[in-house]
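Dear colleague,

I am passing on the structure below, together with some notes on what was found in it. Please read the notes with the sequence and the structure side by side.

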Amino acid sequence: MCRLGAGNCIDESKYQRVIKEACMRATEILRNGGSAVDACEAAIMRLENCGNTNAGFGSNLCLDGTVQCDAAIMDGTTLNFGACTNVSRVKNPIQLARRICDGQSEQQPLERIPPMVLAATGAEQYAEQQGCAMVEPHVLISSKAKFHYNHYKSKYDLVVGNNTNSSKAVVEVEVDVVPEPGNEVELTAAALDTVGAVCVDGAGNTAAGCSSGGILLKMPGRVGQAATYGAGCWATDTDELAIATCTTGNGEYLMKTLLAREICNGAFGSDCAVTSLHKTFKQKFLDSPLLPQQQDLYAGALTLLYYPKQSCGEVMWSHTTQSFCVGYMATTQKAPKFVHSPLPTYSVPGRSCVVNGHNFHLRI
């Protein structure tokens with residue numbers, strides 16, 4: 001079973017085809033005996049290459065017009081985690097994150113501890129050593145990313161230019177979190193369409209991963225939730241429950257709340273996945289004392305729960321964003337399912353949460 005999605009999705013047609021293709025690619029790997037980690041990596045690589053998401057090719061641009069990508073992956077069986085951040089020359093950041101994750105199990109000379117997160121030029125050097133596909137930074141910049149950058153950079157410059165304290169305005173202006181009236185949907189979509197995947201293989205092992213270009217007009221060097229332990233993705237397997245989740249949304253808020261790990265921890269203390277997700281989003285995110293209550297709080301999560309003793313599970317999607325795109329597929333299915341999940345009309349984006357899902361059985 002593989003499940004994946006993109007964050008705040010306004011035009012579902014842009015995502016439907018590539019999400020289905022990613023599901024099919026991951027499922028084929030599982031059918032051929034591949035692991036959950038193999039499938040998770042392959043699915044996200046397809047999403048990174050499509051150009052319509054905020055990951056890999058097509059990532060949001062930094063304030064200076066450069067591209068810097070984050071990615072992470074976690075193996076629920078070994079609990080190994082690998083991440084990269086601020087990489088500009090790695091074609092598929094999730095591929096590098098996978099190499100770092102696998103390296104957690106390798107012994108190092110002189111009892112050195114293998115790195116869990118690598119950044120910038122050091123990460124790119126390691127990627128080359130590991131045989132990852134490398135490109136020039138401009139290759140990762142899409143026409144969509146250029147358009148959004150030029151559009152909002154001009155607005156940003158107007159705000160900064162009209163502020164006498166412009167040296168501080170550069171830091172304080174958060175156009176991606178507090179959009180201009182009339183531009184809320186467009187800007188939020190540009191900022192939040194990060195990607196992720198969760199998978200369970202025939203042995204009942206899970207994996208979770210995510211990839212992101214970060215917030216639109218972010219400060220160069222900024223580290224996002226997609227590269228942060230406990231925030232962007234989490235996976236853990238036990239005899240009673242195997243669970244994997246990945247998140248998207250306002251990165252700083254996801255990092256402050258460690259939302260991915262909180263989702264998984266909450267599931268172990270509940271008999272109902274829907275109730276657990278609602279509770280976690282409400283208590284650990286929307287009402288968290290760590291976050292500014294005067295602002296809209298955007299987050300989404302893909303969660304897979306597998307119960308080994310019953311050989312069954314649930315795939316769940318939950319979000320506070322206006323909408324969410326999800327695809328899922330099992331090895332027994334001929335075609336993937338695609339879901340465009342909108343927030344109910346009576347709900348306020350950034351202030352309330354919707355949870356939905358689907359049951360599945362795993363044939364071993």
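**Notes on the structure**

The side chains of T206 and D237 make a polar contact at 2.5 Å, where a polar contact is a pair of N or O atoms within 3.5 Å; within protein, one must be able to donate a hydrogen and the other to accept it, and residues adjacent in sequence count only if both atoms are side-chain atoms. Please bear in mind that this is a predicted model, in which local features need pLDDT of at least 70 and side-chain atom pairs count only at pLDDT 80 or more, while totals for chains, interfaces and linings use all residues. Residues are numbered from 1 along each chain as its sequence is written, and side-chain values use heavy atoms, with hydrogens and water left out.

T206 belongs to strand β6 (helices, H or I, of at least four residues and strands, E, of at least two are DSSP runs, numbered from the N terminus). With a relative accessibility of 0%, T206 counts as buried, a term that means under 20% relative accessible area, with exposed over 50% and partly exposed in between (1.4 Å probe, protein chains only). Although T206 and A235 are 29 residues apart along the chain, their C-alpha atoms are separated by 6.5 Å.

Strand β6 (residues 206–212) pairs with β5 in the antiparallel sense over six bridges, pairing being assigned if DSSP finds at least two bridges between two strands. V195 of this pair stands opposite S211 in β6. The two strands form a hairpin with five residues between them, and G204 in the turn has a positive phi of about 85°. Because six of the six residues of β5 (residues 195–200) are buried, this strand is largely enclosed by the rest of the structure; V195, A197 and C199 cover one side, and G196, V198 and V200 the other.

The largest nonpolar core has 50 residues, and I19, C40, V87 and L217 are among those with the most contacts inside it; such a core is a set of buried Ala, Val, Leu, Ile, Met, Phe, Trp, Tyr and Cys residues joined through side-chain atoms within 4.5 Å. Elements that each supply at least two of its residues include α1 (12–31), α2 (36–49) and β5, and the largest share, eight residues, comes from α2. A second, separate core of 48 residues includes A208, C246, A260 and L362.

Finally, T228 lies in the loop between β6 and β7 (233–237) and is buried, at 18% relative accessible area.

With best wishes
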